[in-house]
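Open the model in your viewer and keep the selection tool at hand. We will go stop by stop.

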Amino acid sequence: MDRGHKSLCLFAEAFSRRRDPESTHTAAMEDNDETKKPKQNTAVICGYPISIFFIVVNEFCERFSYYGMRAVLVLYFKYFLKWDDDFSTTIYHTFVALCYLTPILGAIVADSWLGKFKTIVYLSIVYTLGQVVMAISAIHDLTDANMDGTPDNMTLHVALSMVGLILIALGTGGIKPCVAAFGGDQFLDHQEKQRSTFFSIFYLSINAGSLLSTIITPILRAQECGINTKQSCYPLAFGVPAALMVVALVVFILGSRMYIKTPPQGNIMVKVCTCIGFAIKNRFRHRSSQYPNREHWMDWSDEKYDVSAACMHTYTLKQTVKSIQLKMIILLCVRLQKLLIAQVKMVLKVLFLYIPLPMFWALFDQQGSRWTLQATIMDGNFGFLTIQPDQMQTVNPILILIMVPIMDSLIYPLIAKCNLNFSPLKRMTVGMLFAALAFVAAALVQLQIDQTMPKFPSSTESQVKYINMMSTPLDVKAGNNNFTLKPFTANEDYLTFGSPFALLLGPNASFPIAIEEGNRSTSVIVQEGTRPTPITFSDTTSKPEQGANAIRFFNGFNMTLNMTWRDQSFGNIPTNDMSTYVLIPQGVAQYQIKNALGSVCDYKQELGFGSSYTIVIPPTFNFESMCEQILIPVVDIKPNIIHMAWQIPQYFLMTVGEVVFSVTGLEFSYSQAPSNMKSVLQAGWLLTVAVGNIVVLIIAEAATLEDQWAEYILFASLLVLVCFIFAFMAYFYTYIDPAKIEAEFAHKEPEEEEKKSVDMSRKSSHSRSEKDEETLQTKI
């Protein structure tokens, strides 16, 4: 007999023990090895078990660890592992999808094998190891043998990163369904009010941990660290979450002696899947037209859960119950089998509505990927503070704390007073529309960003900028471009050429120029004798990474100069030569220019985000008190001018969509779920999040859209389409009261069920041989 039969028969046995005191002692002895009764008395403070404080602290530290690591993850892929935007987005969403797939595994392990406590401890160890591995993978000095700041074995860093992410996904997903439920287990039946307050505190700890980590870890990432070279401190950004996970594990274990530990009692998801699987298989076996159709396809599972005869045989053979007890047991088995099938039908009805929902999460979770990457090419200077690109994600939890009470205490009551039927499914539809509008807003912001981005040369083009280092104006003809350069100035924009051209400087100096395809260069025109001569230097062909500014110096002075910024040197630059680029963060940069005689000139420059400058030191330079006014900054790439504040509208729209969609969806699922299958719908809800992230990586790889704004519009359009489909499905949905349906099974007239059960038992008894009876008893 399979586990579904065994569970029902054990329930029937428990029923008989309750009615027959003589069998209680024997039954208790039989079950003594299978279950262990948890202790009922625990120390309390202010009416709350002391154990829950360990659980709340554990949850705060774990959420800090997860969201802190996740906040900087996509930038780690892009800037440390050197992956492009699309591949970074794909791996990011693959990781998030895995984090929302593993809760199902964690729930099954906890309920069917280890129990919640051991599952949390063991998977937290796996989780901690994953965070430590991620921190180690981000140490660039680990494989930097030549000390040039670039890892020599990037494959090792990638492999460690993937191992770390897999361990983290198994850990965070595996404990997700266990911690809150384990906290609820700590309360006794008379502590219902305290249990409700606990879940509020528990939810607050989740939001507090995620909010603080999203603020702090980007700050840690922005620090510079390293042994040989100083770079963005990803080891610290991953190391602090790892340390918090260690704290979470230690705190949770410290409370071990105080916990009420409920033994595993079987997982309802396994039973539901078994029931559904048998119904499908049985329907396929009876697909011939000779078999009459049944009212619902789940009714084909009746045969599997027809255990009344089996229970009757069990008790007849044991001879421990009287005839009246046997009838009552059969009645109970029939009711249980019908109730289980009815409950599965209710669950499937809601799960069917879940089919379109992943598209919402496909847009929602791009806050941590595409929107963060969008912020890297924006201006994060808010005057009184500077916002890192990955810190913009904090707008979402802040707005949630504001919007949830506003929606519950103001918006929804106002709609109700207007006598509008704003049902849960209608709210979810509106939430999807808000998410689509958020991506339209993101597309509009992206269009503005694209207009300010430099136009870099294609693979068949070359771009050139000219700087006149002569003390007289100079007429320049480059191909078909004619212009005049004043002394010590440059033309404003780069000139684009698709083929070799002739360069004419002044009336007589002519130079044939061969283009370097896909290259950007600066041509500095200096005086050599009586003839102007161009000297060409290669320029950067991309925006500086992480919002930094690429700065270099051209020395037009008559002696070698040394330039430094903090502890970084531009090198000793000879006359008429260019230094290498040095990446400098946003803010006021102060440079020192020195000569061999020890003279020093300090030069300050206000830098934004993502710019590139060539600072020209003209021949007229001197080391007197006003030396900084002689230097000439030439803009190669303009700084980001679209402010990060323009992302706030899209975050606002997405947060409104989340509050209306997600909170309402959880409430709807809870209200429509049978009393013992709410965890099944919770698992289904988490599965929609996982599928949504899979949708992102499929579209990111399959859609060959060159413009990012077009991809935003594509996602918004798909969600609007799905929204209409969901609205159509919701229109035909009939709300139910699961408690009322379950109560109907508990109050059915016993005569009809008794007659049906006895008939089924007799029929089954006459159809089995004695050998079949022995086999059945063995299976039980």
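**Stop 1: a helix pair**

Helices α7 and α8 are roughly antiparallel to each other. Keep in mind that this is a predicted model. To see the pair, select residues 154-185 for α7 and residues 192-222 for α8. The two pack at an angle of about 150 degrees. Angles over 145 degrees count as roughly antiparallel, which is why the pair gets that label. Their axes lie 10 Å apart. Now check the handedness: α7 and α8 cross in a right-handed way.

Next, show side chains where the helices touch. On α7, pick V179, A180, G183 and G184. On α8, pick R195, F198, F199 and F202. These two groups meet each other. Colour them by class: the contact of α7 with α8 has five nonpolar, two polar and one charged residues.

**Stop 2: a disulfide**

Select C225 and C233 and show their side chains. They form a disulfide. The sulfur atoms are 2.1 Å apart. How is this disulfide handed, right or left? The torsion about the S-S bond of C225 and C233 is about 105 degrees, so the disulfide is right-handed. The model's count comes to two disulfides.

**Stop 3: a four-stranded sheet**

Move on to the strands. Which order do they take in the sheet? Read across: β7-β6-β10-β11. The sheet is open, and the pairing is antiparallel. Look at the edges, β7 (481-485) and β11 (509-513). Each has a single partner strand, so one side of each is left without a neighbour in the sheet.

What holds strands together in general? Strands of a sheet pair through backbone hydrogen bonds, either parallel or antiparallel.

**Stop 4: inside the sheet**

Select β6, residues 474-478, and β10, residues 501-505. They run antiparallel, joined by three bridges. Zoom in on K477: its bridge partner in β10 is L504.

Now turn to the other neighbour of β6. Five bridges join β6 to β7, and these strands also run antiparallel. One place to look is D475, whose bridge partner in β7 is T484.

**Last stop: the turn**

How many residues lie between β6 and β7 in their hairpin? There are two. Select G479 in this turn. Its phi is positive, at about 65 degrees.

How values were computed:
Residues numbered from 1 in each chain as written. Predicted model: local features only at pLDDT ≥ 70, side-chain atom pairs only at ≥ 80, totals over all residues. Heavy atoms only, no water. Pairing = 2+ DSSP bridges. Axes fitted to C-alpha atoms, helices over the stretch in contact; angles between N-to-C directions. Parallel < 35°, antiparallel > 145°, perpendicular 65-115°, else oblique. Left-handed = near helix turned anticlockwise from the far one by under 90°. Contact = heavy atoms within 4.5 Å. Nonpolar A, V, L, I, M, F, W, Y, C, P; charged D, E, K, R; others polar. Disulfide = S-S within 2.5 Å.
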